[in-house]
Amino acid sequence: MGNQAGMWVVEDLDQLVNLVRNNADESLYVRWSRGPEADLTDEQQARQSSRDALTGTELPGLSANPLAVESWWGDRSLRLWIARRLYDYCHLGDLRGPGVRPWVLLGEQIGRGPDNEPLVICHRPVAWVGEAALRQADRAVEGQASREWGPLHRAD
């Protein structure tokens, strides 16, 4: 792991898997944005929020996705679970422009957004997810060879 803008950079998917495994009792989420400096400014700290892209409505929390494994996943690969959580929203980097990338946060879910995504309050930024880890996640998911599945992008 490296360090960038005050946060560790997880450059290997297995490092992220270990982070999740070692913090299984905490609520870790992945968020695609320009990062905590953009999302958690002094002005926003009191009211962390996202905006619904369709309606422009301000949402009461940051859109993020949990990294915690659901019980129905059973003893399947934690690596594949984490890879899918990254892959599901990989289109946001291109869609939302320069500087948008995934980062991990410790947070608390306070509601759900219009796409049924968790809305969370960030208690602590944890790490950036680096490009190498994203490429490994892509390969892990694409290795499943499902022709019916891809990123959750409405235009695809």
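**Figure 1. The salt bridge between Asp39 and Arg31 in the predicted model.** Asp39 and Arg31 are both buried. In this predicted model, their side chains meet in a salt bridge with an N to O distance of 2.6 Å. The pair belongs to a set of five salt bridges counted in the structure. Side chains of opposite charge can pair when their charged atoms come close.

Figure 2. Asp14 and Arg79 form a salt bridge in which the closest N and O atoms are 2.7 Å apart. Asp14 belongs to helix 1 (residues 13-22) and Arg79 to helix 4 (residues 78-87), so the contact ties together parts that are 65 residues apart in sequence. Asp14 is partly exposed, at 35% relative accessibility. Arg79 likewise counts as partly exposed, with a relative accessible area of 30%.

Figure 3. Ser77 caps the N-terminal end of helix 4, with a side-chain oxygen 3.2 Å from the backbone nitrogen of Arg79. A salt bridge joins the side chains of Asp88 and Arg84, at 3.8 Å from N to O. Asp88 is buried, with a relative accessible area of 4%, whereas Arg84 is partly exposed at 38%. Through salt bridges that share partners, Arg84, Arg85 and Asp88 form one network.

Figure 4. Which residues of helix 4 are buried? They are Leu78, Leu80, Trp81, Ile82, Ala83, Arg85, Leu86 and Tyr87. Because eight of the 10 residues of helix 4 are buried, this helix is largely enclosed by the rest of the structure. The cover over its buried residues includes helix 1, strand 3, strand 7 (65-66), strand 8, strand 9 and helix 6.

**Figure 5. The nonpolar cores.** The largest nonpolar core has 29 residues, and those with the most contacts inside it are Leu16, Leu28, Leu67, Ile82, Leu86 and Val104. Two or more residues come from each of helix 1, strand 3 (28-33), helix 4, strand 8, strand 9 and helix 6 (131-142). Helix 4 gives the most to this core, with seven residues. Beyond four places in sequence, Leu86 touches Leu13, Leu16, Val30, Trp32, Pro102, Val129, Leu134 and Ala137. A second, separate core of 11 residues includes Met7, Trp103, Val120 and Cys122.

**Figure 6. The hairpin of strands 8 and 9.** Strand 8 and strand 9 form a hairpin with five residues between them. Their pairing is antiparallel and extends over nine bridges; Glu108 has Ile121 in strand 9 as its bridge partner. Asn116 lies in the loop between strand 8 (101-112) and strand 9 (118-129). Although Asn116 is not a glycine, its phi is positive, at about 65°.

Figure 7. With strand 2 (residues 7-10), strand 9 pairs in the parallel sense over three bridges. The bridge partner of Val9 in strand 9 is Trp128. Strand 6 (residues 62-63) runs antiparallel to strand 9, and two bridges join these strands. Leu62 stands opposite Val120 of strand 9. In a regular strand the side chains alternate between the two faces of the sheet.

**Figure 8. The setting of Arg124.** Arg124 is placed in strand 9 and counts as partly exposed, at 41% relative accessibility. Leaving aside neighbours within four places in sequence, Arg124 is in contact with Glu26, Leu105 and Leu106. The C-alpha atoms of Arg124 and Val104 are separated by 9.0 Å, and these residues are 20 residues apart along the chain.

**Figure 9. Confidence along the chain.** The protein chain has an average pLDDT of 84, and 80% of the residues score at least 70. Over residues 150-156, pLDDT stays under 50. For residues 150-156 the model has 11 contacts beyond four places in sequence. Where pLDDT is low, the predicted coordinates should not be read in detail.

Terms used:
Residues are numbered from 1 along each chain as its sequence is written. Side-chain values use heavy atoms; hydrogens and water are left out. Helices (H or I, at least four residues) and strands (E, at least two) are DSSP runs, numbered from the N terminus. Two strands pair if DSSP finds at least two bridges between them. A salt bridge is a side-chain nitrogen of Lys or Arg within 4 Å of a carboxyl oxygen of Asp or Glu. Buried means under 20% relative accessible area, exposed over 50%, partly exposed in between (1.4 Å probe, protein chains only). Contact means heavy atoms within 4.5 Å. pLDDT is the predictor's confidence in each residue, from 0 to 100. A nonpolar core is a set of buried Ala, Val, Leu, Ile, Met, Phe, Trp, Tyr and Cys residues joined through side-chain atoms within 4.5 Å. A polar contact is a pair of N or O atoms within 3.5 Å; within protein, one must be able to donate a hydrogen and the other to accept it, and residues adjacent in sequence count only if both atoms are side-chain atoms.
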